[in-house]
Amino acid sequence: MTNKQEIALVTGASRGIGAATAKLLAEQGYTVCVNYQSHADAADEVVKEIEENGGSAFAVKADISTEEGVAILFAAIDTKVLPLTRLVNNAGILFTQIKLVDLTAERINKVLMANVIGSFLCAREAVKRMSTERGGKGGAIVNVSSGASRSGSPGEYVDYAASKGAVDTLTIGLAKEVAAEGIRVNGIRPGFIHTDIHADGGEPDRVARLSPRIPMQRGGEPEEVARAICFLLSEDASYTTGSILDATGGVV
Ligand code: NAP
């Protein structure tokens with residue numbers, strides 16, 4: 001492992017896709033900021049595993065859906081001497097599967113605050129620190145969207161799907177806005193991945209139920225998404241910006 005002397009921030013890195021991404025970035029030599037909201041034990045476990053494997057990481061509890069939380073998160077990063085050069089806007093939520101006729105403004109707002117506002121605010125703070133126009137050394141951002149942005153998730157969570165549509169648009173616009181400032185911005189649309197998020201939707205076994213409809217006939221593992229995210233963050237993707245990569249086992 002080559003120590004890159006740079007920080008990679010992964011929001012929502014205590015569990016699922018974020019945890020897998022944090023571990024892989026640490027293997028690649030980044031000092032990883034493991035952000036989480038409430039599961040401190042899980043975040044500490046990710047940091048412990050990274051350190052046991054010779055990597056470097058630190059956990060920061062911060063709710064990225066608020067200005068306050070994002071300020072706490074980036075203040076913690078700023079106490080480190082190393083520059084921030086990678087951001088994975090991964091933290092995301094959904095609620096119980098219901099039809100649109102039963103949605104409330106309160107629920108829709110919660111989803112938008114976490115999935116959309118959180119991604120915007122973290123991108124804003126990352127750009128301030130990465131932009132070559134502001135004295136930064138450039139960097140790369142990956143926004144974690146979802147195949148739901150295209151399917152619309154009818155009968156399950158159209159609110160969540162719409163939030164991911166907004167994340168896709170963030171990727172397209174921000175990529176062009178900061179391309180000349182040394183920052184690449186790309187997105188990824190995972191499909192049906194084995195994580196805890198499906199239990200939040202009220203159906204822990206959702207991936208198994210839907211597997212026969214996936215061309216590859218199986219759900220994905222968090223590590224498979226993490227590898228695609230790390231490709232987009234890496235120099236192997238040096239001429240790629242504004243792209244959104246599907247990691248869906250063939251679902252379009
Ligand atoms: P997960 O297993 O439920 O993990 C969610 C992570 O986000 C946890 O680390 C959680 O922290 C964190 N988090 C949630 N709200 C937060 C907030 N306000 N501030 C800070 N951290 C917060 O989810 P996942 O399945 O890995 O999903 C990761 C991303 O992939 C999400 O954006 C999701 O929409 C997207 N995605 C997932 C799938 C899938 O099939 N799994 C498919 C498409 C897209 P705590 O542990 O502290 O609660």
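**Reading the ligand site**

Guide: Begin with atom pairs between protein and ligand. A backbone N or O atom of H39 lies 2.7 Å from an oxygen atom of the ligand. This is a predicted model.

Visitor: Which other residues place a polar atom by the ligand, R15 and I64 among them?

Guide: Note whether the side chain or the backbone supplies the atom. For R15, a polar side-chain atom is 2.8 Å from an oxygen atom of the ligand. For I64, a polar backbone atom is 3.1 Å from a nitrogen atom of the ligand.

Visitor: How much of the ligand's exposed area does the protein bury?

Guide: Compare the ligand alone with the ligand in place. Alone, the ligand exposes 910 Å², and the protein buries 97% of that. The ligand takes up the space of the largest pocket.

Visitor: How many residues surround the ligand, and which are the closest?

Guide: Count residues with a heavy atom within 4 Å. Here 31 residues surround the ligand, and S14, S38, N90, Y160 and T195 are the closest. By class, this shell has 13 nonpolar, 14 polar and four charged residues.

Visitor: What radius of gyration does the chain have, and what would a compact globule have?

Guide: Set the value against the expectation for the chain length. The chain has 17 Å, which agrees with a compact globule, because 252 residues would give a radius of gyration near 18 Å.

Notes
Residues are numbered from 1 along each chain as its sequence is written. This is a predicted model: local features need pLDDT of at least 70, side-chain atom pairs count only at pLDDT 80 or more; totals for chains, interfaces and linings use all residues. Side-chain values use heavy atoms; hydrogens and water are left out. A polar contact is a pair of N or O atoms within 3.5 Å; within protein, one must be able to donate a hydrogen and the other to accept it, and residues adjacent in sequence count only if both atoms are side-chain atoms. Accessible areas come from the Shrake-Rupley method with a 1.4 Å probe; for residues, only the protein chains shown count as cover. On a 1 Å grid over the protein atoms alone, a cavity is a set of points where a 1.4 Å probe fits but cannot get out, and a pocket is an open set with protein on both sides within 12 Å along at least five of seven lines; lining residues have an atom within 4 Å of a point. A molecule sits in a cavity or pocket if more than half of its atoms lie within 2 Å of its grid points. Ala, Val, Leu, Ile, Met, Phe, Trp, Tyr, Cys and Pro count as nonpolar, Asp, Glu, Lys and Arg as charged, and the others, Gly among them, as polar. The radius of gyration is taken over C-alpha atoms; the globule rule is 2.2 Å times the number of residues to the power 0.38.
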